[in-house]
Amino acid sequence: MHTLNLGILAHVDAGKTSLTERLLHTVGIIDEIGSVDDGSTQTDSLALERQRGITIKSAVVSFEIDDVTVNLIDTPGHPDFIAEVERVLSVLDGAVLVISAVEGVQAQTRVLMRTLRRLRVPTLVFVNKIDRRGARDEAVLRAVAERLTPAVVPMGRTVGQGTPQARFAPGLAPDALDVLADHDDRLLTAYVEGEVPDALLRAALADQTGRALVHPVFFGSAMTGAGVDELIAGIRDLLPAGRSDTEGEVSGTVFKVERGRAGERVAYARMFSGALRTRDRVTFGDDKEGKVTAVRVFERGSDAQDGLLSAGRIGKLWGLDGIRIGDSIGLARPSYEHFFAPPTLETVVVSNRPADKGALHTALTQLAEQDPLINLRLDGARREISVSLYGEVQKEVVQATLADEFGLDVGFRETTTICVERPVGSGSAVEFNGKEPNPFLATIGLRVDPAPVGSGVEFRLEVELGSMPYAFFKAVEDTVRETLDQGIHGWRVPDCTVTMTHCGYSPRQSHAHQGFDKSMSSTGADFRGLTPLVLMDALREAGSQVYEPMHRFRLEAPVDSLGALLPVLAGLRAVPRTTETRGTSCVLEGAIPAAQVHGLEQQLPGLTSGEGELEAAFDHYAPLARGTVRDRPRTDHNPLNRKEYLLNVTRRIGG
């Protein structure tokens, strides 16, 4: 018996959750197939999922195919929930990418396949809905080869497509040999000699699929069950079991965190080596340690109390307080990386009942724990909380979750884009201990210099490390990083070098027969209080430029709509870089401000008679044009205004 951790991925409305239901019914896990429209599916458990007929949270269900235990993970298809897909990718052994035979390859399909190929996740393609009117199996297959990957191997053909009687006739087409021979010398030799044994062909197909070199394509219908038996056989025969070391050191990855009935954290984890048992003590995250109080392992359609989570399996763990998505358990694996760009939108969440403001902050903090790409921004002065978003649909999810799980009634302000700031040049500032107008017992000098895009914030010293206690240096560095969350215009400063050029402190003083006198001695609070003032003065001298998020876009539309499209794109500040004509269609690729993507999505159907297809994803930040710079309301004590800052900082203030 071996284990296969399988992801089901697709563009929204391709029929992914319906396929999951059909698979579970076919293998005997459920007696009746649930309906997405009726909200009765096995894996969509949230009320909003059932209401809207879309998957929002990933769900795990387990079943067996002969000697293979499959942990199937149903993931969201809507682009707003791409973060959920991202987490699942780190634990997959294989994937099934679902494509509609009617709508064909769509924008999100391309994003998903591009990522699967980059990560070399073995992937089968299932072309769904062959029973629907308008199904186009050959056209979809050509689109897969042209727009997703040329290394496709059709596993058969459809018969009676576009009718309720549509079925899948299995059998490798002759051109499958051409695709497979490109990666297999033995197969190529047999091909040249004119005789290719079927066993050799099947072995090559399994080997190359397992190495993510080729992608078998199945056709069928989740509604009627056509082609599903063949897909199940493909999952069993073509996708490789996960590599696992049951005797090795404990090592796993957390890909989902939820709250239990008592409010406790429950971690969904994939074990790569070793085993975890109830009452085991284990390290996780950044040097945290905890005791596993309960283990449940997925099997036969549900999660069962087991007490043992072994290598290769997926299970739920209790007792690890403070655990977060992306944490390693036990032996640290390569750091968790984001395969998709962070969100570029944000909105203010407003409580419709003033008395709920405290509860709202607590609830949003818990949601952020479950979703590492949701960033909270608390404005203490205005008592407002902002959350970052991928899109407008996420507002509904946050709103429904707060209502259902926390009893909170909320609304939202207008959605805005999240910009960044970068230094224009170099700037420096210094304040000395005991000299006006510095009220802190600390000397700090800082220089700010630009740094390459993506380099992050680097803190350097041009003073001797032994010239004052290390704790004071650490206080300055930590405060520098915290302060750079809000630059001159209120936006995060992601890339710069900050150098400490001056330092000084008042040594520890005490009176006779008395203890430590902090009115005469420097403390960490002095350095934490002075650093923002000096840093903002240096950044102000350097100057900063606001950059807005830009998306790369690919727009496919009828050629005769080009005349109407181009003026609209210009009005939205989109810049087409390439234009290619393909028969009656044209493809435009270029860049568009993130703030304008939603507007283009809304206008596109009318401009293209419903035939336009837009794919957009974050690409880079670009300088805002002069005269359009937006300042973001500050949420700190505003070190740009010295008087206001000193009035708000309640630690030692002199003069």
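Helices (H or I, at least four residues) and strands (E, at least two) are taken here as DSSP runs, numbered from the N terminus. By that rule Met520 falls in the loop between β29 and α13 (524-542). The model is a predicted one, in which local features need pLDDT of at least 70, side-chain atom pairs count only at pLDDT 80 or more, and totals for chains, interfaces and linings use all residues. Residues are numbered from 1 along each chain as its sequence is written, and side-chain values use heavy atoms, with hydrogens and water left out.

The chain holds 16 helices and 33 strands. Of its 655 residues, 54% are buried; buried means under 20% relative accessible area, exposed over 50%, and partly exposed in between, with a 1.4 Å probe and protein chains only. Among the contacts with a separation of 6 or more, 73% are between residues 24 or more positions apart, a contact being heavy atoms within 4.5 Å.

The interior can be approached through its nonpolar cores, each a set of buried Ala, Val, Leu, Ile, Met, Phe, Trp, Tyr and Cys residues joined through side-chain atoms within 4.5 Å. The largest comprises 78 residues, and those with the most contacts inside it are Leu6, Leu19, Val70, Val96 and Ile235. When neighbours within four places in sequence are left aside, Leu19 is in contact with Val96, Val98, Phe126, Ala222, Val228 and Leu231. Another core, of 30 residues, lies apart from it and includes Val493, Phe527, Leu530 and Leu533.

Two packed helices are described by the angle between their axes and the distance between the axes. Axes are lines fitted to C-alpha atoms, for helices over the stretch in contact, and angles run from 0 to 180 degrees between N-to-C directions. Helix α1 (residues 16-26) packs against helix α9 (residues 228-238) at an angle of about 80°, the axes being 11 Å apart. The two helices are therefore roughly perpendicular; angles of 65 to 115 degrees count as such, those under 35 as roughly parallel, those over 145 as roughly antiparallel and the rest as oblique. Leu19, Arg22, Leu23 and Thr26 of α1 make the contact with Val228, Asp229, Leu231 and Ile232 of α9. By class, this contact has five nonpolar, one polar and two charged residues. Here Ala, Val, Leu, Ile, Met, Phe, Trp, Tyr, Cys and Pro count as nonpolar, Asp, Glu, Lys and Arg as charged, and the others, Gly among them, as polar.

Helix α7 (residues 185-193) and helix α8 (residues 198-210) pack at about 145°, with axes 10 Å apart. Their crossing is left-handed, a term used if the near helix is turned anticlockwise from the far one by less than a right angle, and right-handed if clockwise. Arg186, Leu187 and Ala190 in α7 meet Leu200, Leu201 and Ala204 in α8. That contact has five nonpolar residues, no polar residue and one charged residue.

The axes of helix α14 (residues 562-571) and helix α15 (residues 594-607) come within 10 Å and cross at roughly 165°, and α14 and α15 are therefore roughly antiparallel. This crossing is right-handed. On the α14 side are Ala564, Leu565, Val568 and Leu569, which meet Leu600, Gln603, Leu604 and Leu607 in α15. Seven of the residues in the contact of α14 with α15 are nonpolar, one is polar and none is charged.

Thr497 lies in strand β29 (residues 496-505) and is buried, with a relative accessible area of 8%. Beyond residues up to four places away in sequence, Thr497 touches Arg447, Val448, Asp449, Ala451, Glu458 and Arg460. Met520, by contrast, is partly exposed at 36% relative accessibility.

The loop between β33 (613-623) and α16 (642-648) contains His637, which is partly exposed, with a relative accessible area of 41%. The C-alpha atoms of His637 and Pro532 are separated by 9.3 Å, although the residues are 105 apart along the chain. Asn638 is in the loop between β33 and α16 and counts as buried at 14% relative accessibility.

Most residues other than glycine have a negative phi, and most peptide bonds are trans. Asn638 has a positive phi, near 55°, and Ala212 has a positive phi of about 60°. A cis peptide bond, with omega about 5°, joins Glu436 and Pro437.
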